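Please look at the sequence and the structure first.

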Amino acid sequence: MWRLPKPKFKVLMYGPELPSGGVPGLAHFEPGILVLEGMGYWFTVQFPQVGLETGGYDGRQWMIIWKSHAGPMKALLQGGDAIDLFIEYAPPELADRLLLARRRRWPGQARKWLGAAILLILLALLAASLFWPTPLR
């Protein structure tokens with residue numbers, strides 16, 4: 001059963017038939033499909049064709065992906081917690097797949113951050129050891 005009003009998510013859509021800077025729009029769920037619309041463009045995507053990947057400027061934003069007759073399409077979810085809300089409000093037949101896709105992508109991001117943190121700690125220890133006063137003998 002749908003909650004009233006239906007939740008809508010801000011997106012920035014990209015694809016072969018769209019302007020290169022993307023098209024701002026909204027996405028919402030209908031029975032069996034995801035609807036994306038904005039500035040004269042309208043896409044309906046059946047749940048089995050909906051996927052997730054990371055992307056955007058720094059590779060940390062979440063993108064809804066699907067294929068159209070023109071080629072691969074993407075819609076950048078806008079907002080810090082947008083992915084959490086998108087999965088939470090997705091119908092059960094889609095939510096499980098999206099959650100699984102998110103979990104598969106996240107370990108790679110976590111490893112990058114962990115590696116960067118370890119490198120920074122090692123550099124800080126090296127700098128501290130160079131400037132630490134040593135007793136004269």
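## Strand E7 and its partners

Val-11 stands opposite Leu-77, a residue of strand E7. The model is a predicted one. The strand that pairs with E7 here is E1 (residues 9-14); the pairing is antiparallel and has four bridges.

E7 also pairs with strand E6 (residues 61-68), again in the antiparallel sense, through six bridges. In this pairing Ile-64 stands opposite Ala-75 of E7. Two residues lie between E6 and E7, and the two strands form a hairpin.

How many of the seven residues of E7 are buried? Five are, so the strand, which spans residues 71-77, is mostly covered, given that buried means under 20% relative accessible area.

## The buried side of helix H1

Helix H1 covers residues 82-89, and its buried residues are Ala-82, Ile-83, Phe-86 and Ile-87. These residues lie on the same side of H1 because the arc they cover around the axis is only 125°. In general, an α-helix has 3.6 residues a turn, so residues three or four places apart point the same way.

Six residues make a nonpolar surface patch of about 710 Å²: Leu-119, Leu-120, Leu-123, Leu-126, Leu-130 and Phe-131. One of them, Leu-126, belongs to helix H2, which runs over residues 92-131.

Is Leu-126 buried, exposed or partly exposed? Its relative accessible area is 49%. Exposed means over 50% and buried under 20%, so Leu-126 counts as partly exposed.

Technical notes: Residues are numbered from 1 along each chain as its sequence is written. This is a predicted model: local features need pLDDT of at least 70, side-chain atom pairs count only at pLDDT 80 or more; totals for chains, interfaces and linings use all residues. Side-chain values use heavy atoms; hydrogens and water are left out. Buried means under 20% relative accessible area, exposed over 50%, partly exposed in between (1.4 Å probe, protein chains only). The arc is that of the directions from the helix axis to the C-beta atoms. Patches are made of residues with over 30% relative accessible area and no salt bridge: like charges are joined within 9 Å, nonpolar side chains (Val, Leu, Ile, Met, Phe, Trp, Tyr) within 5 Å. Accessible areas come from the Shrake-Rupley method with a 1.4 Å probe; for residues, only the protein chains shown count as cover. A salt bridge is a side-chain nitrogen of Lys or Arg within 4 Å of a carboxyl oxygen of Asp or Glu. Two strands pair if DSSP finds at least two bridges between them.
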